[in-house]
Amino acid sequence: LNLPGSMDGVGRDIAADADETRARLEAHPGDEYLVKAIDSFAESLRLLDQNDLAHAVDLWLKGRLDATYSIEQILVDEQFPDYELMRSLLQKLSDGVQFCSENDVKMETEVEECIEWRQGALAYMYCSTVRQSEERLRVVSKQYEEMLRFGIDRLKRMLNVRQPITGSIECKDADTRKLLEYGAYSDTHVLSLMYLGELCDWLRKVAENDATIWQLERKVLEAYIELTEGPLKNLGWSSTQARKLLSPRNE
């Protein structure tokens, strides 16, 4: 995608996405995510005709999130048979963020977080899958390290979209305050801490044992443990793996 700097340019990209998604729907009839994506693209084009660029772009990006979801599920279910397809999917999500950055368009916070999360989580799932086979890991070692670094970058971005709340704030209880102080605005934020910690750990195993990566790993895993053994205790979260990764034998 060549990122447009004009309404006409983004309109062509939205229309192209709509055509591509309709073609996929013909091959996968009844896919609710593709149906939602087509509706989002149509409404996005309508808003663009009214010169409402910000809301048009939000719907365009939401449409891309839905349109790519079914592809992600196929990749995960089939254990990532096509690396280039995964890269093109990640690029499609990245392009939307880049468009907003280059054209001074403010995304909805939830949309931006979702895009960064989806990229980071998909990279995590790829790396987790590859690790299950020593032979495959040897064959795709370059791509594996590339996705480790990509996933770390995207999960860091996701966690930085909204900053932790500091200072005097009104909260209904101490647990809510602690979650907000750690920037844990949702379960996805908490899970991102664990995924990020694991990606850092895996990267240290294949690349130089970078002190910066280790510091990041410790920071996010300690935050994860603090939350899952504190305000989220007895709510289905486990800190066992995080504690294992932080054990002295793993340094």
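Good morning. I begin with a charged side chain and a ring: Arg162 lies over the face of Tyr185, at 4.5 Å from the ring centre. Please keep in mind that the model before you is a predicted one.

In total, the structure holds eight aromatic pairs. One of them joins Trp60 and Phe99, whose ring centres are 5.7 Å apart; the planes stand at 80 degrees, so this pair is edge-to-face. Where do Trp60 and Phe99 lie? Trp60 belongs to helix H3, residues 53-77, and Phe99 to helix H4, residues 83-102, so the pair ties together parts that are 39 residues apart in sequence. Both Trp60 and Phe99 are buried.

A further aromatic pair is formed by Trp117 and Tyr195. Here the arrangement is stacked, with 5.6 Å from centre to centre and 20 degrees between the planes. This pair, too, links distant parts of the chain: Trp117 sits in helix H5, residues 109-130, whereas Tyr195 sits in helix H9, residues 187-206, and the two are 78 residues apart.

Are these two residues buried or exposed? The cut-off for buried is under 20% relative accessible area. Trp117 has a relative accessible area of 16%, and therefore it is buried. Tyr195, at 15% relative accessibility, counts as buried as well.

Key:
Residues numbered from 1 in each chain as written. Predicted model: local features only at pLDDT ≥ 70, side-chain atom pairs only at ≥ 80, totals over all residues. Heavy atoms only, no water. Phe/Tyr/Trp six-rings, centres within 6.5 Å; stacked < 30°, edge-to-face > 60°. Helix = DSSP H or I, 4+ residues; strand = E, 2+ residues; numbered from the N terminus. Buried < 20%, exposed > 50% of the residue type's maximum accessible area, 1.4 Å probe, protein only. Lys NZ or Arg CZ within 6 Å of the ring centre and 35° of its normal.
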